[in-house]
Amino acid sequence: MDLLALIGHTPLIDLSFLFPDQPGLKLFAKAEWTNPGGSLKDRSVKEMLCQAIESGQLHPGKTILDSSSGNAGISYAMIGAAMGYPVTIVIPGNASRERKQRLIAHGATLIETDPLEGYDQALRHVHAMFEASPEQYFFCDQYANSHNVNAHYHGTASELMKQVPQPITHFVGGVGTGGSLTGIARRLKEQDPNVKIIAIRPERWPGVEGLKPLGEPEDIVPAIFDPSLVDQWIDVSADEAKAGCLRLARHGIFVGQSSGAYLAGCTKLMAGLSEGVITTLLCDLGERYFSAGLWDHDYSC
């Protein structure tokens, strides 16, 4: 399918110019917003659905079901529409209007949960739906699906290693499902055990859309996330993420809140380094956050 062929092989952007006073450091980021669904999630959803069709788990008569904060939902809706499968997405009610509009445009059914109960409530709800009607749905379960990790182990990480012109010393990412961080970290550490994996931890409220804060006993830790791969956690606030977004936008790169959080984390990491080659991801489009207020205020960049 032509649409699926557009997923992956994203460009690498050299962001080292943002740090002119640190000549011993290089920062590279994968432009994941250039995927046809506008985000990194196209990679994992493509892999999970193709594997499900190949194994016979997904076949005509089944509805694709999962929970999502928005981006994976768009990928499900887009790819599901291209393949001819109906899609139902359970999504927190505070997901941005732009995300919901695109999901509906592709024909997906949306079920919204109480935003005050957090994203974990969407997870609980989707599990209850599947348990009530297992014959109706193919529950993709991106939080526990090993093909989510494989998409980044074989795809994203492999591309990074080929594109970055010097040996990678650090990778900075975050935990949504845990798929990208686990897959990329595993592949990079297999190549060089000395590579440091830095995980971004957003504040609990208002948080960073798409990233889990973790750290509390009641938090649902994604089954596919391997915390043993993480060498360091860096805390990033919503305001720091917004400032990172604006800093990138002022240089022509218009990306979403998690990308701003990753840049903020890279900045904090690099403040303690004199040399190194740092890599990260620019996960999705900035246009997805107008109604969420990301661009309503002017932050220092």
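**View 1. R99 in helix α4 of the predicted model****.** R99 sits in helix α4, which covers residues 97-105. Its relative accessible area is 1%, under the 20% cut-off, so R99 is buried.

**View 2. Helix α5 and its cover****.** Helix α5 has 14 residues, 119-132. At 1.5 Å a residue the helix should span 20 Å; its end C-alpha atoms are 21 Å apart, so the two values agree. Y119, D120, A122, L123, V126 and M129 are the buried residues of α5. Their cover includes the strands β3 (63-67) and β4 (87-92). It also includes β5 (109-113) and β6 (137-139).

**View 3. The open sheet of 6 strands****.** The strand order is β1-β2-β10-β7-β8-β9, and the pairing is mixed. From one strand to the next, the twist averages 25 degrees. β1 pairs with β2 (residues 25-31) in the antiparallel sense, over 3 bridges. D14 has F28 of β2 as its bridge partner.

**View 4. Helices α6 and α7 on the sheet****.** Helix α6 (residues 146-163) packs on the sheet and touches β1, β2, β7 (170-174) and β10 (276-282). Its direction makes about 135 degrees with that of β2. Helix α7 (residues 179-191) also packs on the sheet, touching β7, β8 (196-202) and β10. The direction of α7 makes about 165 degrees with that of β7.

Notes:
Residues are numbered from 1 along each chain as its sequence is written. This is a predicted model: local features need pLDDT of at least 70, side-chain atom pairs count only at pLDDT 80 or more; totals for chains, interfaces and linings use all residues. Side-chain values use heavy atoms; hydrogens and water are left out. Helices (H or I, at least four residues) and strands (E, at least two) are DSSP runs, numbered from the N terminus. The expected span of a helix is 1.5 Å times one less than its number of residues. Buried means under 20% relative accessible area, exposed over 50%, partly exposed in between (1.4 Å probe, protein chains only). Contact means heavy atoms within 4.5 Å. Two strands pair if DSSP finds at least two bridges between them. Axes are lines fitted to C-alpha atoms, for helices over the stretch in contact, and angles run from 0 to 180 degrees between N-to-C directions.
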